Amino acid sequence: MNFDLDAMVDAVAIHNDGLPDPELVCLFGEPGSGKTTAAASLIELPDVQNILFFDTEGSAMSVSDPRITVVPVHKLAPKSGGKPLKHGKFQFMQQMLHGTDDKPGYLRPGVLAESKFDAIVVDTFGELHEWAVSYFQDTEADGFKAWDAVWRWHRDTVKGLKAADGPAVITVHGREEKLPSGAIVSKLDFSGGAKNKSAATPDIVSRLVRRIDDNGDPVTVWEFVGDGNSPVKSRYEKYGIVGAIEGCSLAWIYEEIRAGREAEQAARKAEENTDE
C-alpha cells in the first residue's frame, strides 16, 4: 500500500513563526515565596478574563480579584451515601480535570474553550500529587503498581494541563537536598520519581525566592536559569526570560515573549524584503 507521507505530515504539522506562548508554567519555592500571588498574576494579561483556580492548601485566601474563580478544594468533603469519601478531594479533582465516562473534564480538548474560563491554575500541584499517592496506595494491592499508577497519573495530568485550551500554571513547594559531595540541590517537592522528571514538560520552570531589597522592602525574585543544582528552565531565553528577574509577573513574562516574537517576525520579514 502506497502512502503519501508528505501529505500525512502536512495534515498535522505546524510552522511556528517565532516561539509560541507558554502552555504550562511551573512555579516552585519555599512557603511564603509568593507562588500563589505569582500564579494569580496571569489575570493581568488582557486576553485572560477568568481563571479557574483550584486551591488545594488554602493559600488562595490572598486572591481577591473577582475575575479569578477560586475553588477551595481543601475545604471540600465529598460524600457517597451520606458518608464522607476518604479520597473525596482527589476524586473531585479527577472529575474536574480528567472527567468521567460520560462527562469530560477541563483537560479534554475543547472543554475549556467552551467554558467561561481562559486559564487553569492548580495551587499547589504538590498537594494534589500527595492525594494521588494516598489514593493509589489504597486502591492498588501491590506497592510497585501503586507507585507506577502515581507516576502515570502525574505524567498524564501534567501533559493534560500543557495541552489544555488555555494557559495553565502549577505551583509546587521546593525542597533542598544535600548530595554526598556536599552540594545543595533544589528539587520539586514530590514523592517518588516525579521530583526528578516533572520539570521536563512545562515550558517555564521558575524558582521564586523572597528577599529584602536595598530599601528594606520584601521582593520576589524569579529564577529562570540555575547553576545545575535547581530544576529551573526557560524556553524563551532569546526573548529575555533568562537569569534572575526581580518583581516580575506572569502577565509581564507573556507580554515580553509576545514582544520578542513580534520583533523576530518583523526582522525576518525585513530580511526577506531585502533579499527580494
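Predicted model: local features only at pLDDT ≥ 70, side-chain atom pairs only at ≥ 80, totals over all residues.
Where does D123 sit? It is found in strand 6, which covers residues 119–123. What does the side chain of D123 make a polar contact with? The partner is the side chain of T36, at 2.6 Å. Setting aside residues up to four places away in sequence, D123 touches T36, F53, F54, D55, T56, E57, S59 and T171.

The largest nonpolar core has 33 residues, and F54, F125, L128 and L161 touch the most other members. At least two residues of this core come from each of strand 1 (24–29), strand 2 (51–55), helix 3 (88–97), strand 6, helix 5, helix 6 (143–162) and strand 7 (168–178). Helix 5 gives the largest share, 6 residues. A further core lies apart from this one; it has 31 residues, including A60, I68, A119 and V169.

I turn now to helix 5 itself. This helix spans residues 125–139, 15 residues in total, and reaches 21 Å from its first C-alpha to its last, close to the 21 Å expected at 1.5 Å a residue. Its buried residues are F125, G126, L128, H129, W131, A132, V133 and F136.

Finally, I come to L161. Leaving out neighbours within four places in sequence, L161 is in contact with E23, L24, L107, I120, F125, A168 and I170.

Methods: Residues numbered from 1 in each chain as written. Heavy atoms only, no water. Helix = DSSP H or I, 4+ residues; strand = E, 2+ residues; numbered from the N terminus. Expected span 1.5 Å × (residues − 1). Buried < 20%, exposed > 50% of the residue type's maximum accessible area, 1.4 Å probe, protein only. Polar contact = N/O pair within 3.5 Å; in protein donor to acceptor, adjacent residues only side chain to side chain. Contact = heavy atoms within 4.5 Å. Core = buried A, V, L, I, M, F, W, Y, C linked by side-chain atoms within 4.5 Å.
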